[in-house]
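Here is a short briefing on one protein chain. Look at the structure first, then read on.

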Amino acid sequence: MCGIIGIASRTEFPSRVLLERLKRLEYRGYDSYGFYDSRNLKKRVGGIDVEAAGRATTRTGIAHTRWATHGGATERNAHPHVSCDGRVVIVHNGIIENHEEMRKSLEKKGHRFASETDSEVIAHFLEEGLKRKPAEAVIVDFFAAAAGSFAVLAAIKGREEIFALKRDSPLVLGAADGMNILASDIYAFSDATSRAAFFENDEFAVVGAESFRFFDRKGRPIEKAMREFVWDQKESVKRSHKHYMLKEILEEPAAVERMLFSMENDQKAAFDGLIRLIRGSKKIIFAACGTSYHASLLGAYYLHRTGVESQTLIASEFRHYANVDRDTLIIALSQSGETMDVIDALKYARERSGRIAAVVNAPYSTIQRMSELSLHILAGQEVCVASTKAFINQAVLMLRIAREFGFPVDTDNVAGKIRLLFRKKARIREIAERIAASKDAYIIGRGLTYPVAREIALKIKETSYIHAEGMMGGELKHGTIALIEDGTPVLSLVSNNDPDIISNAREVEARGAQVFTITNDGRMERKRNVIHIETGNDGKFGILAAVAGQLIAYYAADKLGRPIDKPRNLAKSVTVK
Ligand code: F6R
């Protein structure tokens, strides 16, 4: 996590531009921020205030927004970090795993540290090396000495350029008019250019306003091709919506239509390629985290129903549970395409000759580049940290894939059904506000509604801070039912009148729970505690119930006045293990 930005410009520009661009990366972490514009260095705790740059101007600068890993969210630990003599200023995303050892050795040489971070060693290491060698040679030494992951931008006194280093943390260079911009992802500069060069692992670059040179970890020059990328801008503006989360939920029908259209047209070859890969593999293992994991659970469920051998594993546990060989296809699901746990799972799979495909939202991401085949879900930019429209597109794509294997479903009207559901916002809001009055909530499902129950619970937790558990209805009586008290809200997801989940709901009701139901049973439509979903197809029911759940989470959080788009402690792109 953390977002970094660096700009080298032909002409002077206001330093606030550094912070404006950094703000586009704020979803990567917002514990603290800071910038260095070759004259001023400022750091602050909390979200980015572009006014902090004042009226200063510059031709080069670096900036950082932090998601704290080593050391609390204090001004002292905020980036940039400076070496003892002030010659080197750095920003860093990642973790230097051997920072303690590096720190001790630098302290022996007289370096004094000002923060508790792992990152500060980078500034001191570079300063120490510069006493004897040119910057490029010191960077080669750094690649040899440092363990862990890093995307680093360094400004060195006496050099006009920015030094950019990458290992396992994302870094990209955008070539805009009269300036080169370095950033954690293309969104930082996608309004200014559509030309980018992507750093691969163990590469560094020396970047000036009008030129750049790339090197490998040994300092040997490498050729780097610029690529044209396409990234929709329109959707990243909040307009009249109170929060990005609501805006992004309301964009779901359009996002679903865009993706399904693309699968039949420009992505048809890749889509057919994935179907062939699935047919040609003995088993499918999905790897994903968080919300994407819940979408992959739906994928495994849908495929399993068609007889395709499939399972899904939480990426951080992949190596402990996966049995991978050359006949295994690993499908990585990731909105950002940069989640470190997923990247790690793919590395493990690759070592065992597994084949790798990816389903991502962010184009040109690391996960996409690690895969032999990838599909774009085209959900557009998600600014809200909690993922909503990307989840729906992932889930619809899972259903669309399963249809190729015989899952009986017409996906063409999913978008229309979501629009119909939006008409029930008032009812959904009323239920959400009643749930918001409790400190705990339980969401229960079975079969395909189990992943949806987990996703709804995750959305409620992240956005409203209500403790919510999403679980298999059948598991309740094996322990959790002990927590049900008078008035505890339980949301039950009932597809096609599944008698088992109905009994589970009755069991908690008998113990005083306040039961709410999402169902496709038309006879229940008018009941007060019910959200009715208009579909007879259980595959689609799960997806529509998830939309209703996202709205419940949103309205509950709004009722409680939470910072919905940027919940505490979270970051959208989780690039540490
Ligand atoms: C929750 C959420 C996270 C992500 C998870 C994986 O709303 O957004 O749980 O789903 O961090 O991220 P990606 O999909 O980028 O790999």
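Predicted model: local features only at pLDDT ≥ 70, side-chain atom pairs only at ≥ 80, totals over all residues.

The protein chain is divided into three parts: domain 1 (3–228), domain 2 (238–412) and domain 3 (423–577).

**Overall build**

- The protein chain has 17 helices and 25 strands.
- Its radius of gyration is 25 Å, and the globule rule gives 25 Å for 577 residues, so the chain is as compact as a globular protein of that length.
- Taken along the principal axes, the C-alpha atoms of the chain fill a box of roughly 80 × 50 × 45 Å.

**Where domain 1 meets domain 2**

- The C-alpha centres of domain 1 and domain 2 lie 32 Å apart.
- Domain 1 brings 13 residues to the contact, and domain 2 brings ten residues.
- About 1,000 Å² of area is buried between domain 1 and domain 2. Carbon and sulfur atoms give 56% of that area.

- Two salt bridges are counted between domain 1 and domain 2.
- K347 forms a salt bridge with D168. The closest N and O atoms of K347 and D168 are 3.1 Å apart.
- Between domain 1 and domain 2, two residue pairs are in polar contact, both at pLDDT 80 or more.
- What classes of residue are on the side of domain 1 that touches domain 2? That side has seven nonpolar, one polar and five charged residues.

**Two backbone details**

- The peptide bond from H79 to P80 is cis, with omega near 0 degrees. P80 is found in the loop between β4 (57–66) and β5 (81–82).
- L378 has a phi near 55 degrees. That is a positive value in a residue other than glycine. L378 lies in the loop between β20 (373–376) and α12 (389–404).

Conventions. Residues numbered from 1 in each chain as written. Heavy atoms only, no water. Domains from an automatic or database assignment. Contact = heavy atoms within 4.5 Å. Buried area = accessible area lost by both parts, 1.4 Å probe. Salt bridge = Lys/Arg side-chain N within 4 Å of Asp/Glu carboxyl O. Polar contact = N/O pair within 3.5 Å; in protein donor to acceptor, adjacent residues only side chain to side chain. Nonpolar A, V, L, I, M, F, W, Y, C, P; charged D, E, K, R; others polar. Helix = DSSP H or I, 4+ residues; strand = E, 2+ residues; numbered from the N terminus. Rg over C-alpha atoms; globule rule 2.2 N^0.38 Å.
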